[in-house]
Amino acid sequence: MRNFLIGAGALLVFALLIISVILVRTFTYGPDGNDNIAKVPLPETPAIDVDRAAQHLAEAMQFKTITLLAGDPRPGQEGPWLDLHNWLVQTYPAAHEVMSREVVPGGLTLLYTWQGSAPDLDPLLLMAHQDVVPVNIGTEKDWTGKPFSGEIIDGYIYGRGAIDDKGSLVAIMEALEGLARNDFAPQRTIHLLFGHDEEVSGSGAEAAVALLASRGVRPVMALDEGALIIDKSPLTGKPMAFIGIAEKGYMSVEVTALGLGGHSSTPPRDSAAVRLSRAVVALDENQLPTDFSKPPVSDLFQTAAPDLPFQTRMALANLWLFGGQVEKQMATSPSANAMIRTTTAPTMLQGSAKENVLAQRATAVVNFRIHPNDTAESVLAHIRTVTSDIPGIEIRPLTDGIESNSASKVSPTDNRQYAVLASVASDISDGVPVAPFLVLGATDARYATAITDNVYRFAPMVMKAEDLAGFHGTNERISVENMGQLVKGYSQIILAMDAP
C-alpha cells in the first residue's frame, strides 16, 4: 500500500507539473518583441481626392490588358497596354515631370525612376502589374457592374483588375502625383515597376529586375501585392492585418504508369490506369510534412494568439503535445492546410483514347505549391518515396507549362521596413494585430529577391472576407473608401521610407 501511494503521488506530481507547463506556456504565448517596432511615426500626407482616385481607377479598368498564356500580348495585340501607357502620361503629368520612364526591352513592362538627392541611400521599389485575368465566358451577366466598364455603384468600383492589381497601380501613381504637386523632393530614389504579364509568367518583371541588377540597384525594400487587412480574419473571426514576407513556389510533375495496353475484354488485374490511380491516392494520403516552428507560420500564430479561443491558444502554445491534433484540424481547411505545408493537387488525368482500349500510358499531372520549408528536390524525393512500391511508375517535372520556381526567401520582420508597413497597416485599421503572412500564390515580387532581401507583399487597404471572392472571380470590386486608403497608405510608405 505504501509503495502504491508513493507511486500514485509521483504520478500526481508529474501530472500537475505537465498541467503547469501547459498553462504557463498558454498564458505567455503571444506576440513577440517585434510588436514594439510597429510604432514608426507616420508623416502627414498631401490631401487626397478620393473621388478622383476612384474615377481614375474606373478609367484604367477599361483597358482590356488581358493575358491568357505566357508570351501575351502577342504581336499586334499590344493596343490595350499602349493605350494604358498613354493614359498614365496624360493622367499624371506632375509625376511624369519628375520621373523618367522606360519600357523594359522585350515587352511592355514599365520602369519609372524618381531620382533622389542622396545617392548613398538605397532606393525604394514599388511594384504592381498592368495585366488582368479574363472573365469566364457566359458569366458577364452575373456582374453587378460590367467587368470592363469601371462602373461605380453604391460606393464600389466594379471591374476586372479592381483588386488585382490596377487598384494598387493607380493608387501608387495617385500618391506620386500628389507628392509631386506638393513639391516633395525625395532623398531616397524611388523606382516603380509595373509588370505587363504577371498573370501568366512575370517575364516583364523578371527582365526589369535583371535590368536593375545590371545597374547595381539594391533596393532598401521591394513592395508588391499579396496581402492586406481582412475584416474578419478566418483565423480569429476579428479584423487582422497581414504582411506577406514570403510566397510559395510552384512545380507541376507528370506521373506516368506504363502498361501493355490491349483490348478491354481481357484486362489485367494491375493495368496502367489502376497503378496510376494507386499512385495518385498514395500522394493524396501521404502529404508532405508540416513545420509550425518557422516563420511566417510561427509568427502568424503568435500574433493572433490574444484573439484566439483559449483551447486553440493552448494547443498552439503546446505543439510538443498537441501538434498532431493541430495539424489534423488545419488539414480540414484548404486555406489553412496550404499555409502549413507544400500542397499536393492532382489536376489533369489522361489514359486511353477509346473506351474499350486499355491505356499503354496513363498520366496524371500533379501540381505542388512549394512551402518555404521545402525545395523542388525534396518534393521530387517525396514523390519517389511514396510511389516506390508501385511498379512501372515514372515521374517527370513539367517544363512546358507555367514556369516552375522555388519558394521565395523569407524576409525579416525585425527591421524598419517591416515596421513602416506594420505601422501603416495599424493606422489604417485602428490598431488591429499585424501578422507576417505566407502568400499562397505567385507574384512578381519573387523576382525582386534577386536584388534585395527585404521583399514584402502588402496593399494598404481593408477588405471584408466576402469581397475576397472577387480575386479572379465574378464581381471583382473595390470600395471608393479603399481607394482613398490605398493612396494614403502608399504616400505614408514613401514618406516614412524617405530617410536614412
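**Reading burial, pairing and packing**

Biologist: Is Arg275 buried or exposed?

Modeller: Arg275 counts as buried, because its relative accessibility is 8% and the cut-off for buried is under 20%. Keep in mind that this is a predicted model. Now take Asp270. Its relative accessibility is 32%, so Asp270 counts as partly exposed.

Biologist: Which kind of link joins the side chains of Asp270 and Arg275?

Modeller: Start with the general idea. Side chains of opposite charge can pair when their charged atoms come close. Here the side chains of Asp270 and Arg275 meet in a salt bridge, at 3.7 Å from N to O.

Biologist: How many salt bridges does the structure hold?

Modeller: The count is 15. One of them joins Arg160 to Glu476, with the closest N and O atoms 2.8 Å apart. This pair ties together parts that are 316 residues apart in sequence, because Arg160 lies in the loop between strand 5 and helix 5, while Glu476 lies in the loop between strand 18 and strand 19. Both Arg160 and Glu476 are buried.

Biologist: How far apart are the closest N and O atoms of Lys294 and Asp291?

Modeller: They are 3.7 Å apart, and the two residues form a salt bridge. Lys294 is partly exposed, at 40% relative accessibility. Asp291 is also partly exposed, at 22%. Salt bridges can also share partners: in this way Asp270, Arg275 and Arg278 are joined into one network.

Biologist: How many bridges join strand 12 to strand 14?

Modeller: There are 7 bridges, and the two strands run antiparallel. Follow one of them: Thr344 has Phe368 in strand 14 as its bridge partner.

Biologist: Which residues of helix 12 are buried?

Modeller: They are Ala376, Val379, Leu380, His382, Ile383 and Val386. These residues lie on the same side of helix 12, because they cover an arc of only 155° around the axis. Here is the general idea. An α-helix has 3.6 residues a turn, so residues three or four places apart point the same way. The face turned away from the buried side of helix 12 carries the exposed residues Glu377 and Thr385.

Biologist: What covers the buried residues of helix 12?

Modeller: The cover includes strand 10, helix 7, strand 14 and strand 15.

Biologist: One last case. Where is the place of Thr189?

Modeller: Thr189 sits in the loop between helix 5 and strand 6. Thr189 is buried, because its relative accessible area is 7%. Its side chain makes a polar contact of 3.1 Å with the side chain of Gln115. Leaving out residues up to four places away in sequence, Thr189 touches several others, among them Trp114, Gly116 and Pro123.

Definitions and conventions. Residues numbered from 1 in each chain as written. Predicted model: local features only at pLDDT ≥ 70, side-chain atom pairs only at ≥ 80, totals over all residues. Heavy atoms only, no water. Pairing = 2+ DSSP bridges. Helix = DSSP H or I, 4+ residues; strand = E, 2+ residues; numbered from the N terminus. Buried < 20%, exposed > 50% of the residue type's maximum accessible area, 1.4 Å probe, protein only. Polar contact = N/O pair within 3.5 Å; in protein donor to acceptor, adjacent residues only side chain to side chain. Contact = heavy atoms within 4.5 Å. Salt bridge = Lys/Arg side-chain N within 4 Å of Asp/Glu carboxyl O. Arc of directions from axis to C-beta.
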